[in-house]
Amino acid sequence: MLRGGLSERLIALAASLVGHLRGGLAQVSVLSSLFFGGVSGSAIADVSAVGGAMIPQMTQRGFDRDFAVN
């Protein structure tokens, strides 16, 4: 799913829904995890795919690393 680009598309969908709100990037992370968990059914796959894409983005935009990882 990560190689095929599904995780990036789910993140883009979540960003279009809640990305404009205050704290939107954190909300995008939660919503994309919800979508990805529903598709894959695996929490570990969710963490590796969505976390691998979202954690660097969140730290670049000023979120604490501890917050981004949680």
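**Figure 1. Helix α3 gives the most residues to the lining of the largest pocket in this predicted model.** The contribution of α3 to this lining amounts to seven residues. The pocket itself has a volume of about 250 Å³. Its lining comprises 15 residues, and those closest to the pocket centre are Ser29, Ser33, Ala68, Val69 and Asn70. Two or more lining residues come from each of the elements α2, α3 (43-60) and α4 (65-69). By residue class, the lining of the largest pocket consists of 10 nonpolar residues, four polar residues and one charged residue.

Figure 2. Ser29 counts as buried because its relative accessibility is 16%, and the limit for a buried residue is under 20%. When neighbours within four places in sequence are left aside, the contacts of Ser29 are with Val50, Met54 and Met58. Ser29 is also among the residues closest to the centre of the largest pocket.

**Figure 3. The buried and exposed residues of helix α1.** Helix α1 runs over residues 6-18 and has 13 residues. From its first C-alpha to its last, α1 reaches 18 Å, close to the 18 Å expected at 1.5 Å a residue. The buried residues of α1 are Ser7, Leu10, Ile11, Ala14 and Val18. Seen down the helix axis, these buried residues fall within an arc of 100 degrees, so they line one face of α1. Arg9 and Ser16, on the other side of α1, are exposed. The cover over the buried residues of α1 includes α2 and α3.

Notes:
Residues are numbered from 1 along each chain as its sequence is written. This is a predicted model: local features need pLDDT of at least 70, side-chain atom pairs count only at pLDDT 80 or more; totals for chains, interfaces and linings use all residues. Side-chain values use heavy atoms; hydrogens and water are left out. Buried means under 20% relative accessible area, exposed over 50%, partly exposed in between (1.4 Å probe, protein chains only). Contact means heavy atoms within 4.5 Å. On a 1 Å grid over the protein atoms alone, a cavity is a set of points where a 1.4 Å probe fits but cannot get out, and a pocket is an open set with protein on both sides within 12 Å along at least five of seven lines; lining residues have an atom within 4 Å of a point. Grid points are joined across faces, edges and corners, and a volume is the space filled by probe spheres set on the points. Helices (H or I, at least four residues) and strands (E, at least two) are DSSP runs, numbered from the N terminus. Ala, Val, Leu, Ile, Met, Phe, Trp, Tyr, Cys and Pro count as nonpolar, Asp, Glu, Lys and Arg as charged, and the others, Gly among them, as polar. The expected span of a helix is 1.5 Å times one less than its number of residues. The arc is that of the directions from the helix axis to the C-beta atoms.
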